[in-house]
Amino acid sequence: MGATSTFFPIASYWAQVQGIEIHPSLIGLIVFGFLIGGITGFFGVGGRLLTSPLLNTLFNVPYNVAVGSDLCQMMGTSTLNVLRFKRMSRIDFKLGGWMLAGTIIGVEGGVRLLELLKKAGTFTLLGKSIGFLPLIMTLVYSSLLLWIGIIVYKEAKAAVQEGRVEGTISPYQPAMTARLQHIQLPPMITLPVSGIEAISLWVILGVGMTTGLLVGFLGAGGGFIRMPALIYVIGCPMVVAIGTDLFESIFSLGYGTLTHSFKGNIDLILVVVLLTTGSLGNQIGVILAKRITNPKVKQIYAFITFTVVILLVVKLVFY
Amino acid sequence: MGVMEYVIKTAVDAAPQHPGFQAQPLYILLNLVLPIILGIALAWITKLIEKALNRLLGEKR
């Protein structure tokens, strides 16, 4: 075994199976983890969504290993967040429990979809062999990143025009959330901790399943969907949303890690490197974010997502 | 370095190239436990970093 396969045995194996050659240098991954952590800490939203596609684009780590390892390291990040923010939050266990039921179905569905694509092989288009896994993942990541990038750009632009100090970022449009909030499909449940008199159980399960699918299939923490969904769609107070999001994260990421482990998709060394460097970078990002409050800076995140989309497409078409 | 070698060896044990591959219990356990342990340690380390940086740059908010 070469140096790379000794350090990253699972990633090397799956790369070999999929006919690609991985090239992650330890130094490169340390810098990468630090930067991704810094972006997440600084912009506070969606940074983790960049990890898996960039691991594949920059280091050729197969998508199944990138997603599995990213999920596993996020479990560590969630543990860290629980310990750091436990005093600032309150958990609605009833809401969290119902949501978790939807999340687990979503996670399992996402992981199975990934497995299906992992084994789907390749097809030839214009004389070029293209794998189903990289093709679908590139399309999904590109669409999602474009969507988030456009929303963040618009939010930041509006914040600059209105002279707001900080731009709040939410992937939800008010009209859409209002429609979801008023679904009266039974069974309706009451959530006393969140102060909600009646909400359709299907809305809660739907939010859980959507975030679960993102966790299992894309390795995204799902917080960029779950937090705004808890606040705007379900109507939780901020303090309950933070606590319930953390509670959900731990269990959904734990389940995602477990099911990815059974399929051999987690490279522990990659996990250790990303978790350690990402957490340190995150802390520095958070401290910088407290000092740089110009909403124009938020537009940088939009440009980062657009750059990643271009990188993904270029890699798929030319490499 | 001993711990690192042990972790690498465990990951190799779980490498799915072996015929009839089944994820090893230790590999699964490590995947679940290691991030949590690291997360606990990092929570403490990042708190120290935060304190040090805040002292260095001046408290904000």
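Student: How many residues sit between E3(A) and E4(A) in their hairpin?

Tutor: Quick caveat: this is a predicted model, where local features need pLDDT of at least 70, side-chain atom pairs count only at pLDDT 80 or more, and totals for chains, interfaces and linings use all residues. Residues are numbered from 1 along each chain as its sequence is written, while chains are lettered from A and ligands numbered from 1 in the order in which they are written. Strands are DSSP runs of E, at least two residues, and helices are runs of H or I, at least four, numbered from the N terminus. In the turn, Gly195(A) has a positive phi of about 70°, and the number of residues between the two strands is four.

Student: Which residue in E4(A) stands opposite Ile189(A)?

Tutor: E3 (residues 188-191) and E4 (residues 196-200) of chain A pair in the antiparallel sense over three bridges, pairing needing at least two DSSP bridges. Opposite Ile189(A) stands Ile199(A).

Student: Over to E1(A) and E2(A): which residue in that hairpin takes a positive phi?

Tutor: Here E1 (residues 122-125) and E2 (residues 128-131) of chain A run antiparallel over four bridges. Phe123(A) has Ile130(A) as its bridge partner, and Leu125(A) is opposite Lys128(A). Two residues separate the strands, and the one with a positive phi, near 50°, is Leu126(A).

Student: Is Trp14(A) buried or exposed?

Tutor: Trp14(A) belongs to helix H2 (residues 9-17) of chain A. A residue is buried with 20 or more other C-beta atoms within 10 Å of its own, exposed with 12 or fewer, and partly exposed in between, the C-beta atoms being placed from the backbone. Trp14(A) has 26 such neighbours, so it counts as buried.

Student: What does Trp14(A) touch, leaving out residues up to four places away in sequence?

Tutor: Contact means C-beta atoms, placed from the backbone, within 7 Å. By that test, Trp14(A) touches Pro62(A), Asn64(A) and Val65(A).

Notes. Two residues are in contact if their C-beta atoms, placed from the backbone, lie within 7 Å.
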